[in-house]
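Please look through the structure shown below.

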Amino acid sequence: MNPVATASSPVESSAEDRDKSVRLTAAQALVRFLQTQYSEFEGIRVRLIPAMFGIFGHGNVTSLGQALFEDGADLPYYQARNEQSMVHTAVGFARATRRRSTLACTSSIGPGATNMVTGAATATINRLPVLLLPGDIYATRRQGNVLQQLEHAVSADVSVNDCLRPVSRFFDRISRPEQLLAALPEAMRVLTDPAETGAVTIALPQDVSTEAYPFPIRFFEERTWRIERRPPHPASIREAVELLKTAARPAIIAGGGVHYSEAWDALRALSNACGIPVAETFAGKGSVREDSPLLLGGVGLEGTPAGNRVLREADLVLCVGTRLSDFVTASRSLFQHPGVRFLSINVSGHDAAKLGALTILADARLGLEALAAAAREAGVSPRPPHQSAVADARLQWSERLSREVFVQAPGEAMSQGQLIGILNQAAQAGDTVVAAAGGPPGDLLKIWDATGGRNCQIEFGYSCMGHEIPAGLGVRMAQPEGEVYVFIGDGTYLMNPTELVTATQEDLKVTVVVAENHGFQVIRRLQLARVGRSFGNEFRVRDRASNRLEGPYLQIDFAKNAESMGARAWRIRTIAELRLALEDARTETRSCVIVVETEKHRFLPGSEVWWDAAPPEISRDPETTRLRTEYEQGLRTQRYFG
Ligand SMILES: Cc1ncc(C[n+]2csc(CCOP(=O)(O)OP(=O)(O)O)c2C)c(N)n1
Ligand SMILES: [Mg+2]
């Protein structure tokens, strides 16, 4: 089923009906309201919230549960296994629809609600809309303290749902049913505002959500929320083009905003016309849709050495739709040109102003188009020395890839780099790979070829282990065609495999590729680089003598676990087996889990940048002390840009 395609028939009421009202409970009003909300972008109208996920408890079963049963014909209800997961599903769905649409998530009070906090943070940090509907404690309070109520010693009106405030872009607690009349339109506005969007939380006290109120009929009329493109101010374009005219080594950093604004063509046009190379962030991966001599790949800590070399020497950096996190800027140590200037196109003033940039507060496409037009008028053209430096950096990296990454090291298991290479070859136009934590996101940023329609959805705003499988379900709900590859480590699989049950229940096929490297290996790699000792990161049994996790590696049957939830599973050791499994998986209708034994301590070449992750200032271990000194040297490369 494709919930995006679900649309109710228009609800139109006559002028005299409009002032009439209908008595509904708060939950019934909410369910009816959600069924008449649409978003519109570039003339395409879709249901803003086409479905609701949930897990019922005493906080929502008699209210929203009843309302969905009686009034929810156009709001299909999906059951999740864990409240955190359902928010991740909504995040995956929202990203795949490029923020035109999202899902609602209902939870009971207490633990169900707090389980959503991590999902909410994932949504808000990634600037992706989700609607959260946690149950809440009684408003009347005549019952005394209810099951799962936190009794705050000095703030009687605080409930655990207040934990959702800092991770929400809008929060309201409905202590009277009629408050929905104000709260819900504001919730929809925030969800559809490109600059403000994120998690929106409407907390529903258990008693209030079953209470009735005469809601005006007009409240339930269809409403379309236009997602607008903000045009740039001409003055900011004039200033920006002055910078472009004089720059000798300009470079672009393309972030998630390029995708949300569908600015791919505008990006390519500006890049080609002015000869500006493009590096991509995690969220911006795939911004350059066809291979180009100006595509540098990833930037920053998990970027390519090619991208980082060009950015290191850039004298003008044009940041488009990016939050410029430390992974992108290498903790603000990447940009080393003494006179480097920054230009930012962003819908969010907060992000635009970072690094003391000259800001173009605008939609990415409109900003890029205006800049390209102004640059053409000003006669900005490619600079040949810059072009050849870019070509040289690209060539060096691609040679290194064939020499060091896509080759089998003797006596070793398959490397994660080889695995990604095979998966990339198997992927076709319209397929999507999803990743969030462990080695996969960084390695995908570095070597996944996202051109030719092989989409890459990396959640690296929160880099939340456990996001991936549920998010894959969300992608599948938005994209009925093409394979959805969820690429995760064994640690992430163990944290949250259970939405595979939901995949089976709803016939939402995902293909999970698990790199089994027997531990939290990316963190062990960091530990060795910054502390110098391996401790507590591998999946090994306790060694009695050392009393540490240094015994034999655990034997975990991931395939059996996946099969128990209705998936088809493979255990893979060789490249030939992997190719065959991926072929079979494409024709399989069930969800698939391909468990690949990968070399534990073999990593991709580094990105050749520094990162601010500090070793301890004090240690009795000379190796740790040495690493601290090395770190402090790197600290000198960190710069202040305003
Ligand atoms: C919920 C959560 N807890 C902890 C972390 C910190 N963390 C980042 S990567 C990682 C290891 C992941 O292990 P695995 O999935 O096996 O991937 P690998 O590192 O082996 O590639 C951990 C613990 C996180 N990102 N998310
Ligand atoms: Mg692992």
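How many cavities of 30 Å³ or more are there? The count comes to three. Here a cavity is a set of points, on a 1 Å grid over the protein atoms alone, where a 1.4 Å probe fits but cannot get out, while a pocket is an open set with protein on both sides within 12 Å along at least five of seven lines; lining residues have an atom within 4 Å of a point. Grid points are joined across faces, edges and corners, and a volume is the space filled by probe spheres set on the points. The model is predicted, so local features need pLDDT of at least 70 and side-chain atom pairs count only at pLDDT 80 or more, whereas totals for chains, interfaces and linings use all residues. Residues are numbered from 1 along each chain as its sequence is written, chains are lettered from A and ligands numbered from 1 in the order in which they are written, and side-chain values use heavy atoms, with hydrogens and water left out.

The largest cavity holds about 560 Å³ of space. Its lining has 42 residues, and Arg-127, Gly-256, Gly-257, Tyr-260 and Gly-321 lie nearest its centre. Helix 9 (256-260) gives the most to this lining, with three residues. Helices (H or I, at least four residues) and strands (E, at least two) are DSSP runs, numbered from the N terminus. By class, the lining has 17 nonpolar, 14 polar and 11 charged residues; Ala, Val, Leu, Ile, Met, Phe, Trp, Tyr, Cys and Pro count as nonpolar, Asp, Glu, Lys and Arg as charged, and the others, Gly among them, as polar.

The second largest cavity has about 70 Å³ of space. Helix 10 (residues 264-274) gives the most to its lining, with five residues. Val-278 also belongs to that lining, and in strand 14 the bridge partner of Val-278 is Leu-295. Strand 13 (residues 278-280) and strand 14 run parallel and are joined by three bridges. They belong to an open sheet of six strands with parallel pairing, in the order 14-13-12-15-16-17; two strands pair if DSSP finds at least two bridges between them. Its edge strands are strand 14 (295-298) and strand 17 (358-361).

Helix 17 (439-447), helix 19, helix 21 and helix 24 (622-635) each give two or more residues to the lining, and helix 21 gives the most, with seven. The second largest pocket has a volume of about 680 Å³, and strand 19 supplies the largest share of its lining, four residues.

The magnesium ion (ligand 2) has Asp-490 (OD), Asn-517 (OD1) and Gly-519 (O) as protein donors, lying 2.1 Å from it. Donors are N, O and S atoms within 2.8 Å of the metal (3.2 Å for Na, K and Ca); water is not among the atoms, so sites may look incomplete. Asp-490 lies in helix 19 (residues 490-495), and Gly-519 lies 29 residues away in the loop between strand 21 (511-516) and helix 21 (521-530). Both Asp-490 and Gly-519 are buried (under 20% relative accessible area; exposed is over 50%, partly exposed in between, with a 1.4 Å probe and protein chains only).

Ala-73, by contrast, is exposed, with a relative accessible area of 76%. Ala-73 lies in the loop between helix 3 (61-71) and strand 5 (77-79).
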